[in-house]
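Hello,

Here is the structure you are taking over. My notes follow below it.

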Amino acid sequence: MKRRSGIVVAVILLLPLMLAAQIPGYGTDIEGKIDALLAQMTLAEKIGQLKHYTGGDSEEHRQMAADGTVGSFLNVTGAGKTNALQKLAVENSRLHIPIIFGQDVIHGYKTIFPIPLAEAASWNPELVERAAGVAAREARASGIHWTFAPMVDIARDPRWGRIAEGSGEDPHLGATLAAARVRGFQGMDLSAADRVAACVKHYVGYGAAEGGRDYNTTEISERTLRDIYLPPFAAAVNAGAATLMSAFNDLNGIPASANPFTLTEVLRNEWGFKGFVVSDWNSIGELLNHGIAADGAEAARLALYAGVEMDMEGRIYRNHLADLVDKGTVSTAAIDEAVRRILRIKLLLGLFDQPYTDPLLEKQVLLTPENLMIARQMARESIVLLKNDKNILPLSKSTKIALIGPLADSKQDMLGTWSCMGEAKDVITLLQGIQAAASKPGHVVAAKGCSVTGNDRSGFKAAMQAAKNSDVVVAVVGESADLSGEASSRADITLPGVQEALVKELAAVGKPLVVILLAGRPVAIPWIADHAAAILMGWHGGVQAGPAMADVLFGDYNPSGKLPVSWPRVVGQVPLYYNYKNTGRPTSEQKYTTRYLDWPVTPQYVFGFGKSYTQFAYSHLVVDKNEMGPQATLTCSAVVTNTGRVAGDEIVQLYIRDMAASVTRPVKELKGFKRVHLKPGESRKIEFTLGPAELGFHDADHRYVVEPGLFKVWVGPNSAEGIEGQFTIR
Ligand code: NOJ
């Protein structure tokens, strides 16, 4: 509640924003089919549906398929292998229930796109949706029905290796891209030959691991959970996501894979989710390590009753559920509900009608020119220009370039983390891409200099020689693919090995120095930020990493990416995020304010930051209402002008701040963004709508409210700049 002039002003309670969540094709008509099946199933067959194993190639697995006592496999791919197992289930088992095949298709199946964090830097939901569509088409043609994506964990700590797999730190950007990926994977019809069921993960809070250490404990208040961590999941469910994966982490003392609050109260009851939840790999078994279950039987009961329907590779449901039902500790109704949810998705996937995959499809859809074209566009839009002193970039194609560094010609590393079915042979490296685009390939001379990790400097000499013979030195440094992703947290997020030493020696040669960073996370590079003439963040760019970087380097594509994460100067600043709370002692030059003695509190590069080869000016901010009621909406517009000499895309961002509320609010919150293409001299009025969905938050009682009072609004190029306006909620 908020007091104004001594009068208590009622807060406005809104209906939950997302009641209409529906999985594509879902209608109550399929419940009858499920009832009919359930009526015939034995307990062993029912429990079988809740089991999910990796492999599928052992005799034991084949037998289970034939007996109808397994519901799902992961890591079985290819039409040949999946069809063979499916045949056992469909033709030999008593009730002919098909198997669902799952796989980690995280950023492409064969056509590997940039890592998801890079895709997020495009701020282009339409393109992200198309990329997911390509992944779905390739996967389904290879016998996969279900992808363990999108990963929508908010990550505020780049030490956490899995920051690479998600969309970064912001709930609005994260929610928008989560929904886009779900639409891309699933389309309007899960049974289509080019679509797969999505699995939104890791539910929930996994990205808040203490110390950025993977699998570590998380403590997240319910308000922060609802305002920051849940929105991407809510958006994905609202976009019709068929499944979710329960996370590994301990969440406020109740592990996420046994958490009735998140899995039942929020997911099923508040959001009306009709699909199923699969545990993460043995996360039910790990309830014993968490110390919340004394034995496997207790773990099985806790997870099932919390709302985890399928046990990934854990054998806990398999070993304990039948006994628990016999003893009456677990009800048949609870088992039936879990089976129902899994059968629902199998029916929606059309597996009962068409359990097999056409073996001819694979050849037709994998790595097609169209797929590669989308991968190249995705890769170019994900590149972020962090620095460009004296407009040293773009380079002329006749420049003599010394391309130095351990990542310049690495195929494997460009695939990034979780590129399961991706193959290094399909990658075009930076060296290959830049040589192909240069006017004379011989103008681009490469030298590795050193490896990504390790201390060997014996390659420095050749690198310096190449540098001396060049017009421009382009250093390609960063992290190998295995330095981010699962179980790949780093306590020190500077450049590994002797790469920084290499860059320092290259700088001393005296030629203009361009640094291309390739990594799965922001890397702390304070020296390079000060000394390089230009810096490009290229992440791990997928199979088209090389051509995309060449497009940007030579100006065939004007870089437009913006950071989806705040970029720390030094690891001691993390966790670091733009939507922080002001504190009672906001940062200033004065002592006794929130700051460090040794480093600034500001990031090296702010959230939303990214430069272009042209310039954009912002003017004419108009908020069309000075005042409005809490249920109303207003329009906020600004004019963006390309004041430079080349055409380019700008990602126009809108932020708000609720100046005083019943609970403290962040200093800025992203509430809208638009990508706009402008020719030199061209202006465009960009409009955003702000209403209850954007202006509310969860109050002290965790109710979603829009409260009266003053709001500030900014439209600008990133989270730190922009033109300012304001309005009041009555
Ligand atoms: C564990 C990971 O946490 C999860 O993201 C992945 O989908 C599963 N393994 C299956 O590979």
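An axis here is a line fitted to C-alpha atoms, for helices over the stretch in contact, and angles run from 0 to 180 degrees between N-to-C directions. Two packed helices are described by the angle between their axes and the distance between the axes. Please keep in mind that this is a predicted model.

First, a helix pair. Helix α3 covers residues 59–67 and helix α4 covers residues 79–92; the two pack at an angle of about 30°, and their axes are 6 Å apart. Angles under 35 degrees count as roughly parallel, so α3 and α4 are roughly parallel to each other. On the α3 side the contact is made by H61, R62, A65 and A66, and on the α4 side by L85, L88, A89 and N92. Sorted by class, this contact has five nonpolar residues, two polar and one charged.

Next, F248. This residue sits in the loop between β9 (243–246) and β10 (250–251). Is F248 buried or exposed? Its relative accessible area is 7%; under 20% counts as buried, so F248 is buried. Leaving out residues up to four places away in sequence, F248 touches several others, among them R162, Y206, D280, W281 and E486.

F248 is also one of the residues that surround the ligand, including R162, K201, D280 and E486.

- R162: a side-chain N or O atom is 2.7 Å from an oxygen atom of the ligand.
- K201: a polar side-chain atom lies 2.8 Å from a ligand oxygen atom.
- D280: a side-chain N or O atom is 2.6 Å from an oxygen atom of the ligand.

Regards

How values were computed:
Residues numbered from 1 in each chain as written. Predicted model: local features only at pLDDT ≥ 70, side-chain atom pairs only at ≥ 80, totals over all residues. Heavy atoms only, no water. Helix = DSSP H or I, 4+ residues; strand = E, 2+ residues; numbered from the N terminus. Parallel < 35°, antiparallel > 145°, perpendicular 65-115°, else oblique. Contact = heavy atoms within 4.5 Å. Nonpolar A, V, L, I, M, F, W, Y, C, P; charged D, E, K, R; others polar. Buried < 20%, exposed > 50% of the residue type's maximum accessible area, 1.4 Å probe, protein only. Near = heavy atom within 4 Å. Polar contact = N/O pair within 3.5 Å; in protein donor to acceptor, adjacent residues only side chain to side chain.
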